[in-house]
Amino acid sequence: MKIGIELGTSTAGQPVRLDLEELLSTRLLVQGNSGSGKSHLLRRLLEQSAGHVQQAIIDPEGDFVGFGERFGHVVIDAERTVGEIQRIAARIRRHRASVVFNLEGLDADAQMRSAAAFLSGLFDADREHWYPMLVIVDEAQLFAPSGASEISDEARRVSLSAMTNLMCRGRKRGLAGVIATQRLAKLAKNVAAEASNFLMGRTFLDIDMARAADLLGMDKRQAESFRDLNTGSFVALGPALSRRPLPVKIGHVETASRNGRPELMPPPELGTAQIQDLIFDDLATEPPPQPARPVERRATEEILETLEVAPAPVPAPVDPAVAAAFDAEREALVAEIVRQFVADPEAPFRSAAALYPDFLVHCRVRRVGSRVPDLAEFTRRLAIARAGLDARAEDEDWQRAVAQAAGLPEEMQGVFLLLARAGMDGAPSPADEALARAYGSRSPSRGRWLLTYMEERGHLVCEADFRGRRVVRFPTLGWKTAPGDPKGLPASA
Ligand SMILES: Nc1ncnc2c1ncn2[C@@H]1O[C@H](COP(=O)(O)OP(=O)(O)OP(=O)(O)O)[C@@H](O)[C@H]1O
Ligand SMILES: [Mg+2]
């Protein structure tokens with residue numbers, strides 16, 4: 001965790017933090033019924049992170065308009081042409097300006113089209129402007145609905161595609177989607193599935209609960225607990241939050257929502273006649289009500305100018321101790337997943353490339369986060385684990401062998417280290433079959449081929465004693481194995 005912002009407290013009263021840097025690459029989904037506290041949660045997240053990262057808030061209800069006054073976000077009312085919105089979006093990325101994109105007052109169709117234009121504008125920014133940015137979408141089911149609705153097909157198509165781009169392909173462009181929805185079942189599956197972090201609030205409907213359980217990898221019975229959550233209480237899970245489901249009570253906020261919780265108010269104590277007068281008197285002469293125009297409409301040019309001078313967020317200092325602890329946890333998880341592959345009786349005979357997709361799935365399920373080893377790194381780790389070794393051992397001598405192994409192709413490094421280990425310990429040289437197995441093959445001739453390959457490149461020298469047993473020398477390391485039968489049974493068989 002590099003920049004941990006405090007979301008709230010656990011049941012034990014401990015602070016619950018969100019790793020902002022991890023969030024940037026692993027995205028967040030918030031779900032909970034109306035009144036469960038999602039908008040409050042988003043507000044808390046936005047307030048706490050405002051000083052660290054650029055933010056764009058897609059705001060269907062005009063709920064976040066007040067943010068501008070407190071945090072300097074530029075409020076952009078959405079009633080503009082697609083071209084204007086896209087120009088504004090490009091400027092936002094260039095100048096790293098935080099903004100509220102206010103869709104209040106537009107009908108559903110126009111809301112979808114405007115949000116789509118805005119998101120595509122952010123997405124299509126020039127490569128040199130791909131600065132990290134949180135993109136918060138409240139009421140995300142409006143923009144990425146799962147089923148058909150009365151909205152025109154065209155609006156649905158552009159909006160869904162913009163949301164899919166944000167959640168599926170936004171990471172490389174620096175866009176981190178944070179989406180909130182009342183009804184998980186109403187949110188397009190592919191959009192929800194791209195978030196690796198979840199905050200689940202009170203949920204009543206079985207169909208939403210089932211989707212939540214599915215996303216979180218919980219059984220339905222565990223997910224039943226979502227029914228009993230109070231307003232403002234969520235269950236957090238994900239690489240940026242917690243590796244196990246963690247209940248959290250969201251902390252207080254500084255800015256106020258315009259749309260507070262409605263409070264009961266007794267009707268005025270008036271007689272029927274009085275009420276009738278109030279409703280019908282002078283009705284003919286009263287001017288018709290003006291449609292509300294809650295947001296001041298600013299000219300596009302004026303907004304573009306404001307964006308030029310918007311203050312960019314200041315990067316926060318990195319806490320090395322916290323970062324090291326987080327890295328160690330990630331390392332332990334990856335090592336454990338690799339060990340599981342080695343323990344699988346069939347896995348030793350499948351190539352690292354064939355196993356890699358499974359590895360990625362495991363990393364995702366175990367919430368390793370964004371820094372997952374790439375194929376080359378996975379191949380190397382797998383090879384070392386297959387040889388029954390730990391490349392991270394502290395021993396200085398051993399580290400010299402690890403350094404030498406790095407000069408070999410990844411899939412051979414484990415074989416070399418298996419031999420080197422025997423050399424270091426003065427143990428018998430491993431049999432051909434053991435070498436082959438460490439390489440992912442059943443064929444002893446593969447083991448002999450590996451020895452020849454490494455010998456030709458000067459990594460080791462093979463000799464035979466008078467009984468035909470093999471001795472392997474490591475000239476640069478100064479080690480030698482004891483004699484071992486090349487046809488002997490591998491130790492693990
Ligand atoms: N953690 C909290 N602490 C104190 N008050 C909270 C908290 N969370 C929510 N509230 C209050 O509860 C009410 C409902 O919260 P909020 O508007 O965030 O719900 P919501 O999930 O966004 O609902 P909707 O889906 O209808 O928009 C608000 O008045 C809010 O101030
Ligand atoms: Mg809300």
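This is a predicted model: local features need pLDDT of at least 70, side-chain atom pairs count only at pLDDT 80 or more; totals for chains, interfaces and linings use all residues.
Me: How much of ligand 1 does the protein cover?
Reply: On its own, ligand 1 has 630 Å² of accessible area, and the protein covers 73% of that.

Me: Where does E139 lie, and what makes its backbone worth a remark?
Reply: E139 lies in the loop between β7 (133-137) and α6. Its phi is near 55°, a positive value in a residue other than glycine. Most residues other than glycine have a negative phi.

Me: Is E139 called buried or exposed, and why?
Reply: Buried means under 20% relative accessible area. E139 has 14%, so it is called buried.

Me: What is phi for R96, and where is R96 placed?
Reply: Phi of R96 is near 55°, again positive in a residue other than glycine. R96 is in the loop between α4 (82-95) and β6 (99-102).

Me: Why is R96 called partly exposed?
Reply: The class runs between the 20% limit for buried and the 50% limit for exposed. R96 has a relative accessible area of 28%, which means it is partly exposed.

Me: Why is R27 called buried?
Reply: Its relative accessible area is 7%, so R27 is under the 20% limit and is buried. R27 is in the loop between α1 (20-26) and β3 (28-31).

Me: Which backbone oxygens lie within polar contact distance of the side chain of R27?
Reply: The backbone oxygen of E194 is 2.8 Å from a polar atom of the R27 side chain, and that of M167 is 3.2 Å from one. Both pairs are within 3.5 Å, so they pass the distance cut-off. Leaving aside neighbours within four places in sequence, the contacts of R27 are M167, R171, G177, E194, A195, S196 and N197.

Me: What does the side chain of T164 lie close to, going by a backbone oxygen?
Reply: The backbone oxygen of L160 is 2.6 Å from a polar atom of the T164 side chain. T164 is in helix α6, residues 153-169. Not counting residues up to four places away in sequence, T164 touches R169, N190 and V191.

Me: How many residues has the largest nonpolar core, and which have the most contacts inside it?
Reply: The largest core has 55 residues, and F118, M163 and F226 have the most contacts inside it. Helix α5, residues 108-123, gives the most to this core, with seven residues. A second, separate core has 31 residues, including F64, F67, V75 and A240.

Me: Which residues are in contact with F226, leaving aside its neighbours within four places in sequence?
Reply: Among them are M200, M209, A212, L216, M218 and V235. The contacts also include G201, R202 and T203.

Me: Why is R127 called exposed?
Reply: R127 has a relative accessible area of 65%, which is over 50%, so it is exposed. R127 is in the loop between α5 and β7.

Me: Why is R469 called partly exposed?
Reply: A value of 27% is between 20% and 50%, so R469 is partly exposed. R469 is in the loop between β12 (461-464) and β13 (470-474). Not counting residues up to four places away in sequence, R469 touches E463, A464, P483, G484, D485 and P486.

Definitions and conventions: Residues are numbered from 1 along each chain as its sequence is written. Chains are lettered from A and ligands numbered from 1 in the order in which they are written. Side-chain values use heavy atoms; hydrogens and water are left out. Accessible areas come from the Shrake-Rupley method with a 1.4 Å probe; for residues, only the protein chains shown count as cover. A nonpolar core is a set of buried Ala, Val, Leu, Ile, Met, Phe, Trp, Tyr and Cys residues joined through side-chain atoms within 4.5 Å. Buried means under 20% relative accessible area, exposed over 50%, partly exposed in between (1.4 Å probe, protein chains only). Helices (H or I, at least four residues) and strands (E, at least two) are DSSP runs, numbered from the N terminus. Contact means heavy atoms within 4.5 Å. A polar contact is a pair of N or O atoms within 3.5 Å; within protein, one must be able to donate a hydrogen and the other to accept it, and residues adjacent in sequence count only if both atoms are side-chain atoms.
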